[in-house]
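Reader: I am new to protein models and would like to go through one with you. Could you show it to me first?

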Amino acid sequence: MRCLKDLNPKQLEAVQFFDRNSMVFAGPGTGKTRVITSRIAYMLESGKLPEARRILAITFTNKASNEMKSRVAAFGVDQKRVRIGTFHNFCMWVLKAYGDKINLSREFTFISSNQQLHLLKQVAKDANLMMKPNDLKNRISDLKNSSVDFEDYLNKTRSGTQEFQVAAADYQNRLYAHKLIDYDDAILHTATIFKLKPSILELYHNAFPYILVDEMQDTNRMQLELIRLLGGNAKHVMAVADDDQSIYGWRGALPTVIQEYIDLLAADKIILNQNYRSPQRVLDVANRLIQFNDGRTEKELVGRPNELGDDVIGRWFDTWKEEAEWVADKIVELHSAGMEYRQMIILYRSRHPSLKVIDEKLLEKGIPFQHFGKNFQNKKQLLSEFIVASMKLIADPNNEVVLSALIYAFAQRFELNDDFDLYEYYKKDSDRLTLDRLAQIHVEDEIDDAVQRTAEFCLSAKDLKSFAKLYDGLYKALNIEEDLAKYDETTRHEEKRHLDLMRDRMSKSVASTITDMLAEIELQDDSNHIDQRMNKVGVSTFHTAKGLEYKAVFIIALEDHFVPGRNGGRPDKEQEERRGLYVAITRAESKLFITHANQRTDWNGRIEAVRPSRFIDDMRKREVTES
Ligand code: ATP
Ligand code: MG
């Protein structure tokens, strides 16, 4: 059978392991994802599964889910017979079908992060809670992530002050009233339905008796509960994980979730230790680094047989510009030696304006490239947010949460002073602001004109049947072209790409309502659309490169402040930062380049001196354990 070809005995055992829950616990590149995808193909091809039965394969990020999809497709498996997606995709699908059982409107969409911050600002103010919207957001999210259903979450909020409890309850009520959910709700609501309505859970047990989870170390308590519920008594859950690659602590996913899973599901552990991805020299660097973390389970990791590989190259530069220049030149060199652009990736810890120089140098040298997710500037894709918010209003013109967020987005776009409350200004002395009212405002300046035209379009667009026409209408009404023209070339390029992608998704959507289409789109990120045929160099954060592999990997800006980030002082955070770098290093199939500069611009464009990352020393030490 093609799907079993080349597998080593341990991998084979994992692929053919049935009748007990299991955990494949292994380091990077050992074939965990390969085991999952081979298992899917094996289950379908071997006839072990009766025709009508299905497999559900879930993971945390879009990128990891797409990786599974393309690998399964490569085995010639008909994708319709397997459901592969992220936790959020799966939950949205359940909620669209059964959300009404917990009185959730079928018309729900996801609240955007801007909308969420505005709403939280409002509820904090009304509850006299002295907490920044972002802190409130994180607090609520932490509590949700550690809960097993909504009731559990509500109980947890009771540990907070009276003001916090009022604000949290108000936030939830307003979301509910405005047919919005946040990302954490998607999972909590689903778990709640499964618990309150066992008959619905049973439908899923029948539909998906086999559950596979990739990148399990990225799951938090709330998601673990969902896996437990979905697994039921069937004992057909297989999860794969690597504690050293746990990098989503800020979303409540800790390396300890692996043991919790093993205990909760009484899972058998299968260990793999042959790495097929990287040459020994790359693994040596990775191993030296990760040894500095405590509390990890030591895993033997053997590199590709008889392959030491090239030396890992470390280069240090005086300035961030020289670093970018060198990376771009190296890419040109590798490309002329025959390496495809798509086989190369530039990785960095987190977005920062100074990294924009990378874009500039790549453009200058004519190297095609593509950001995975957002670009360096973190523009928050303001323009596409206008389109999404306006579309929500076309479907639901009385949605105050969305309307106020849209107005604030206009204020931001036209750079109004923060003290000026545009929403209150338009509302004047009426009870509430409506689209109708906005469509009739007296136009005095550019911003009134934009707001008025948008409102007018939203009111008149209800009957437009095609999503693409809606998009085009809004693009014009919102005067997006004009805004794009104000950006510098690289930002314009990125924003335009993002907008085009959005239009493309909208025009292809087969959803029957605007809200269903939006809920679908809100769950996709750019990385969904990285077209391998396009042959471009990837530019990505460590996080987004999870699970992927490249012939040449450039890890740039390896400086303190970036890696470990500013909160790296806390030992637990520093360990997570180390794991992030470990993930980055272990993406390399052949060549690994590590660079840093001594000078970089800060957020305000001022040049500052920076120090090399303390992790560089860790990677260099030859005999770590003896020192
Ligand atoms: P990560 O932890 O980074 O997600 P992983 O454990 O999921 O890594 P895979 O991506 O599944 O590892 O495998 C790494 C590479 O090794 C892939 O290119 C895969 O096809 C290849 N590989 C896995 N097993 C074998 C094998 N038995 N023979 C040859 N190649 C293999
Ligand atoms: Mg993998």
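Author: Here are some questions and answers about this model. It is a predicted model, in which local features need pLDDT of at least 70 and side-chain atom pairs count only at pLDDT 80 or more, while totals for chains, interfaces and linings use all residues. Residues are numbered from 1 along each chain as its sequence is written, and chains are lettered from A and ligands numbered from 1 in the order in which they are written.

Reader: Which helix gives the largest share of the shell around ligand 1?

Author: The shell has 19 residues, and the closest are G31, K32, T33, R34 and Y276; a residue is near a molecule if its C-beta atom, placed from the backbone, lies within 6 Å of it. Helices here are DSSP runs (H or I, at least four residues), as strands are (E, at least two), numbered from the N terminus. The largest share, three residues, comes from helix 2.

Reader: Are helix 20 and helix 21 roughly parallel or antiparallel?

Author: Their axes come within 9 Å and cross at roughly 160°; axes are lines fitted to C-alpha atoms, for helices over the stretch in contact, and angles run from 0 to 180 degrees between N-to-C directions. Angles under 35 degrees count as roughly parallel, over 145 as roughly antiparallel, 65 to 115 as roughly perpendicular and the rest as oblique. So helix 20 and helix 21 are roughly antiparallel.

Reader: Which residues make the contact of helix 20 with helix 21?

Author: Two residues are in contact if their C-beta atoms, placed from the backbone, lie within 7 Å. From helix 20 come R453, T454 and F457, and from helix 21 come G473, L474 and A477.

Reader: Which residues make the contact of helix 21 with helix 23?

Author: These two helices pack at an angle of about 150°, with their axes 7 Å apart. That makes helix 21 roughly antiparallel to helix 23. The contact is formed by F467, A468 and Y471 of helix 21 with R503, M506 and S507 of helix 23.

Reader: Is Q440 buried or exposed?

Author: Q440 sits in the loop between helix 19 and helix 20. A residue is buried if 20 or more other C-beta atoms lie within 10 Å of its own, exposed if 12 or fewer, and partly exposed in between, with C-beta atoms placed from the backbone. Q440 has 12 other C-beta atoms within 10 Å, so Q440 is exposed.

Reader: What is the phi of N479?

Author: N479 lies in the loop between helix 21 and helix 22, and it is partly exposed, with 16 other C-beta atoms within 10 Å. Although N479 is not a glycine, its phi is positive, at about 60°.

Reader: Where is K235, which has a phi near 60°?

Author: K235 is a residue other than glycine, yet its phi has a positive value. The place of K235 is in the loop between helix 11 and strand 7.

Reader: Is the peptide bond from V563 to P564 cis or trans?

Author: P564 is found in the loop between strand 13 and helix 25. The bond from V563 to P564 has omega near -10°, and it is cis.
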